[in-house]
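Colleague: I would like to learn how to read pockets, surface patches and salt bridges from a model. Could we start with the pockets?

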Amino acid sequence: MVDNSTLVRLLRQLTVETDRFAELFGEKQRMHRTDLNALALIMDARWTGEPLSPGRLAEAMHMSASATTSVLDRLEASGHVQRTRSAHDRRKVELRVHDKALELGRAFFTPLDGAFTAAWAGFSDEDKAIIGRFLAASIEATVSVRADLT
């Protein structure tokens with residue numbers, strides 16, 4: 001049986017290793033970690049069907065509007081992100097990831113995706129469902145504690 005302390009240690013190790021992996025991508029693209037985090041949030045928003053606005057990005061990153069503008073200026077200048085007017089409300093600005101950025105990310109992260117797929121091959125669908133619930137609960141707990149601290 002794996003105890004909670006072991007799970008915490010393993011999650012921490014996974015976080016450190018994935019951070020190191022993401023930092024390698026940042027180094028190769030000459031991007032600061034803050035820019036990478038912003039890009040990840042903008043990319044993840046695509047899955048919800050609701051693009052991020054600069055204001056929502058600032059909230060998610062706990063940054064001032066001016067600091068967020070600087071990040072977006074760098075991401076736009078590097079060709080990773082574009083700011084567009086909402087098709088539904090022209091007063092709103094939406095953040096979109098350029099295809100070029102998606103291609104660069106795919107090229108870099110595909111080997112990790114393949115390694116994860118191979119590593120998880122021995123897990124049943126039921127195992128993966130439990131792991132998914134475990135990870136989602138761990139993320140929710142982290143977000144909750146972080147919110148209490150800020």
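**Reading the model**

Colleague: Which residues lie nearest the centre of the largest pocket, and how many line it?

Modeller: L14, T15, T18, F116 and I139 lie nearest the centre, and the lining has 46 residues. A pocket is an open set of points on a 1 Å grid over the protein atoms alone, where a 1.4 Å probe fits and protein lies on both sides within 12 Å along at least five of seven lines; lining residues have an atom within 4 Å of a point. The elements that each give two or more residues to this lining are α1 (4-29), α2 (33-48), α5 (99-119) and α6 (125-149). The model is predicted, with local features needing pLDDT of at least 70 and side-chain atom pairs pLDDT 80 or more, while totals for chains, interfaces and linings use all residues. Residues are numbered from 1 along each chain as its sequence is written, and side-chain values use heavy atoms, without hydrogens or water.

Colleague: Which element gives the most to the lining of the largest pocket?

Modeller: α1 gives the most to that lining, with twelve residues. Helices (H or I, at least four residues) and strands (E, at least two) are DSSP runs, numbered from the N terminus. This chain has six helices and two strands, in the order α-α-α-α-β-β-α-α from the N terminus on. Its C-alpha trace spans about 55 × 35 × 30 Å along the principal axes.

Colleague: What volume does the largest pocket have, and what classes of residue line it?

Modeller: Rolling a probe the size of a water molecule over the atoms shows where empty space is left. Here the volume of the largest pocket is about 2,500 Å³, counted as the space filled by probe spheres set on grid points joined across faces, edges and corners. Its lining has 29 nonpolar, eight polar and nine charged residues. Ala, Val, Leu, Ile, Met, Phe, Trp, Tyr, Cys and Pro count as nonpolar, Asp, Glu, Lys and Arg as charged, and the others, Gly among them, as polar.

Colleague: What lines the second largest pocket?

Modeller: E50, P51, L52, S53, R56, S86, H88, D89, K92, V93 and E94 line the second largest pocket. Its volume is about 170 Å³. By class, the lining has three nonpolar, three polar and five charged residues.

Colleague: Which residues form a nonpolar patch on the surface?

Modeller: W120, F123, I131, F134, L135, I139 and V143 form the patch, with about 600 Å² of accessible area together. Patch residues have over 30% relative accessible area and no salt bridge; like charges are joined within 9 Å, nonpolar side chains (Val, Leu, Ile, Met, Phe, Trp, Tyr) within 5 Å. The areas come from the Shrake-Rupley method with a 1.4 Å probe, and only the protein chains shown count as cover. F123 is partly exposed, at 36% relative accessible area; buried means under 20%, exposed over 50%, and partly exposed in between. Another, L135, is 9.2 Å from L11, C-alpha to C-alpha, though 124 residues separate them in sequence. L11 belongs to helix α1.

Colleague: How many salt bridges are there in the whole structure?

Modeller: The search finds eight, each a side-chain nitrogen of Lys or Arg within 4 Å of a carboxyl oxygen of Asp or Glu. In one of them, R74 pairs with D35, the closest N and O atoms being 2.7 Å apart. This pair links distant parts of the chain, with R74 in helix α4 (residues 65-77) and D35 in helix α2, 39 residues apart. R74 is partly exposed at 41%, whereas D35 counts as buried at 5%.

Colleague: Which residues are linked in a network of salt bridges?

Modeller: D73, E76 and R83 are. Between R83 and E76 the closest N and O atoms are 2.9 Å apart. R83 is partly exposed at 28%, and E76 is partly exposed at 33%. D89 is buried at 17%, while R91 is exposed at 71%.

Colleague: Where is R30, and what is its phi?

Modeller: R30 lies in the loop between α1 and α2. Its phi is positive, about 55°, although R30 is not a glycine. R30 is exposed, at 79% relative accessible area. H62 also has a positive phi of about 55° without being a glycine, and lies in the loop between α3 (54-61) and α4.

Key:
Buried means under 20% relative accessible area, exposed over 50%, partly exposed in between (1.4 Å probe, protein chains only).
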